[in-house]
Amino acid sequence: MKKLLKILGFILLGLLILVILAVAAMSLYFTDERLRARVLPEIQEYTGRDVQIERISYSFFRTFPRFGLIIEGLEVPDPVEEQLASMDRLQISLSLLPLLRGEVSVQRLQVDRPVFTYIVYEDGHTNLDDFLPQEEPEEPPESEEPSKPMDLHLARVEINDAHLGMIDHVKGTSVLLTDLDLVTSLRWSDVIKSSVEITLGALDLTVEGEPMVSGLGLSLSQTSVLNLTEETLELQEGQLNIEGLALSLAGRVAEWGSGQPVVDLRIESHSDDFGVLLDLVPESMEAFIAKLETGGALDLSATLQGRVGGEALPAFDARVTIADGFIHHNAVPERISGITLSVQANNERVVIESLEARAGEASLSASGELREPLEETAQFTFSGSVNADLSTADRFVPLAELGISTLAGLVEVGANAQGQLSAPDQAAVDVSLQLTDGRIGLVGVNRPVEQIAVNVRATNEVIDITNISARSLENVVTASGSVNGYLGDAASFAVSVDSHLALNEINEYYPVQEKMGLVMSGVVDTDVQLSGAVANLAATRLDGTVRLAEVNVEYPALPQPLRDLNGTLVFAGDSISAEEFAFFLGESDMFFAGTLRQYQGLMAAAGEAEPARFSGRFHSSSLDVDSLLKLGGEPEAPEESREPVEAALPNLAGDFNVAIDRLTLSGIEATDFHCDLEMSPRHVSANQAQMAVFGGSMGGRFRWDIHAPDRTGLTFHGNVDRVRLQELFSHFDLTGQSQLPQHLQADFSSTVDLTSDLDEYLSMVKPTLRMNGRFNMGQGVIAGHPIQNGIADAIRLDSIRNVPLSSWLATFRVEDGVLHLNDVNLTSQDMALELGGSQNLASNELDYRADVVLPRQVAERLGGVLPAEGVQALVRQDGRVGIPVTIRGTSGSPRVGVDDSGIRERVESYLRGEVDARRQQAEQEVREAAEQVRQQAEQVRQQAEQQASEAADQARDEVEDQVQDAAQDAADAVRDRLPW
């Protein structure tokens, strides 16, 4: 025997050594790299994805005598989303011997934290499309005998902390399962037997974009037998728990292969406390539900029998009852009792046999019936009533937790309805509500609302509001009217509201003075009518009046207290008229009247709707803008701390006539201000503006355009007429650091055209600034100006440090940030200054050339500045001397010097002029001498010609006499020879 035991011991030891050697060999062979090389390509080829695995290993001792495979950190990528699916850990334990017999016996399958969401995108494709076959699979070849299915035995399948879901973007539907735990076993052969235990932490369901279920917890325990040959499914020992409501499930499903399975299912539930139904309410009410004590038996049963999918529907029969129920909140002394509910439903009808509850003398009762509920012609009837004395409500309901401190009134509600379910707007409805002697007070509000009365009746066509009224202290409101066709899409309403509001009593209802610093007094009376379509409340028509009398308001956000506001607003459809609106803001009085039309347009952004339109007038005898905008008292914020302004105007267009007798703005006092203000959603302009200021007047046109929220434009054309220069330049320094107000006294007139873009800080963008105009100044005195002193030093003439000013004329333009002055002519008795050049407005650098025009006798005394020949060269046509100078530096620290190059040019020009004059004189003398010689020659010629003419005349006379004598002699000779 001992020998036998010894032999057995050696055999066992040998087997143990073989096992150890086998395990060691397996450990050396089945490394992570080798397992990954064998398993991962197969998974990637099957999925068609670059699947990633953090670690692969095998298990033998933990799963002995079974072989175990462990995969950790598995991730399946997705081309669209970040990942398709993942799981933290997958462990499979297989029995080796059944596998050799053709059976797959998975003793344990464990999946930890699987995550997957099935997604249907807007274009209809899904995140699983590339897993599905693209072509129809070939039909398997016919075989004479069907192959025997492989037996599959899953002894235990365990899924922990799963997060699964489905999102359909096409239908707007989603199902999300969170914290899902599942334990099941399955044996698959001809008959599939399974048992399952499921716990779901939260179910979230959305249908067509509307949340239907949120955070609902479920658990299911079910045993079933599926016979593939006989096509039957038996549900055994099933129980579904929905937030504490336990439902038992049992039954049978057969003939599913026909496409019209036959079902015989039963659902039952019983509880001694119907309060389990309250566990189904949203999480937001859990704190309130926890304070309720409930009781009363709940019975629920339902059956479904028959064929599904045919022309005839399977027969169903359901019944829900609550008997002797009650609800009691632990903060009140009494319970709501006598709660009963009896509902029965089947294919032919759904009947609310009774619904009742009592709270002291108050009672609720209702009943109803729905006939042929599954047909389109389903008919319903309903009746119910409520009678209650609200003064006893605090005995049954914790009003304080609802924010109500006191409640009273007699309420009667009666309701009857009947008609076709598919056409509720055609149903016969009669509902009445009456409340008399009502009273309600809210926690934290000093005064209750009293004398509440409600008398409302609704039929299927109209809700008739006979009266709704209430009073609190001096505040009264009453309303009446009707709502027509409220059950249809074209519901309309017409309601009248009268009210009287005493503003000084608002603090009795809410501590506006303590919490907001708001103090009000005065009276607001309204008498208005509202009408319109329920589906388009934004287009409600408002008619009537709102009157404000002696309204006073003090509020920290207001720059000044509002006092003595009196006026009437008249509403007429889409227009509002302000009649004689007058009030004070601080010491500024304001009056306006006008009309605003299409005022609903104010609610839209510019461009989205037609703008509201206004017209009217504004007048003030004294308007202090500085006190209203709190200007002048606060130091200007440093440039780096400024906040950008998003430029925008309301969706408003129109014009306003403005007249202000006395205006204070930025420390400037002006009188007789008036303009025509015009605006649109994209610009504001002031036309024909005029005011008396600085001892003279100003006027012109102003326009502000909005191109974008951070880019606007300014346009101005105006004139200044005979204002006091010292006062003008003390507020507006056109050139920066000009110091003119300290040194110049004169009247100033100007015309100017200006355009510029403004940045997001409403500051001018200097490269875009364009300005041109002209100015002139009348009689005055200029003394001690830095440029003036610089000129005096340069030409060594102290007398020009203080000179009377006769006139000052100039034209100017600003372009690319540079001020150009042209045709500047400053005169002072017999002296003058003629100037031209430019000044950089950013750096304040000067670049001017000027002529100082002096009497010649003064210029000749400037020894050391001008040589004698220089003075002669600089003499102008009027006999005065123009001394050229240059002005550089800045207006506060100018550098003035005699313009030597200018003098040299003028001397050279003078000398060239002298040479030219002498050459011209010589040429003139030569021309004169030549002319004298020519004239003398002409005289000699003329005398010679005269003498020759006289000699010729004498010779001719002598010849004529001789000819005549000869002719007479010849004639006498002939006559002598004649015989007669």
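Me: Which residues does serine 342 touch, not counting residues up to four places away in sequence?
Reply: This is a predicted model. Serine 342 sits in strand β15, residues 336-346. Leaving out residues up to four places away in sequence, serine 342 touches Arg319, Val320, Thr321, Val351, Ile352, Glu353 and Ser354.

Me: With which side chains does the side chain of serine 342 make polar contacts?
Reply: Two of the touched residues are Arg319 and Glu353. Another, at 2.5 Å, goes to the side chain of glutamate 353.

Me: Is serine 342 buried or exposed?
Reply: The relative accessible area of serine 342 is 9%. The cut-off for buried is under 20%. Therefore serine 342 is buried.

Me: Where is tyrosine 555, and how accessible is it?
Reply: Tyrosine 555 lies in the loop between β26 (541-554) and β27 (562-573).

Me: Which residues make the nonpolar surface patch with Tyr555?
Reply: The patch covers about 340 Å². Besides Tyr555, its members are Tyr510, Met516 and Leu558.

Me: How many helices and strands does the protein chain have?
Reply: The protein chain has 980 residues, and buried residues make up 33% of them. Its secondary structure comprises 12 helices and 45 strands.

Conventions
Residues are numbered from 1 along each chain as its sequence is written. This is a predicted model: local features need pLDDT of at least 70, side-chain atom pairs count only at pLDDT 80 or more; totals for chains, interfaces and linings use all residues. Side-chain values use heavy atoms; hydrogens and water are left out. Helices (H or I, at least four residues) and strands (E, at least two) are DSSP runs, numbered from the N terminus. Buried means under 20% relative accessible area, exposed over 50%, partly exposed in between (1.4 Å probe, protein chains only). A polar contact is a pair of N or O atoms within 3.5 Å; within protein, one must be able to donate a hydrogen and the other to accept it, and residues adjacent in sequence count only if both atoms are side-chain atoms. Contact means heavy atoms within 4.5 Å. Patches are made of residues with over 30% relative accessible area and no salt bridge: like charges are joined within 9 Å, nonpolar side chains (Val, Leu, Ile, Met, Phe, Trp, Tyr) within 5 Å. Accessible areas come from the Shrake-Rupley method with a 1.4 Å probe; for residues, only the protein chains shown count as cover. A salt bridge is a side-chain nitrogen of Lys or Arg within 4 Å of a carboxyl oxygen of Asp or Glu.
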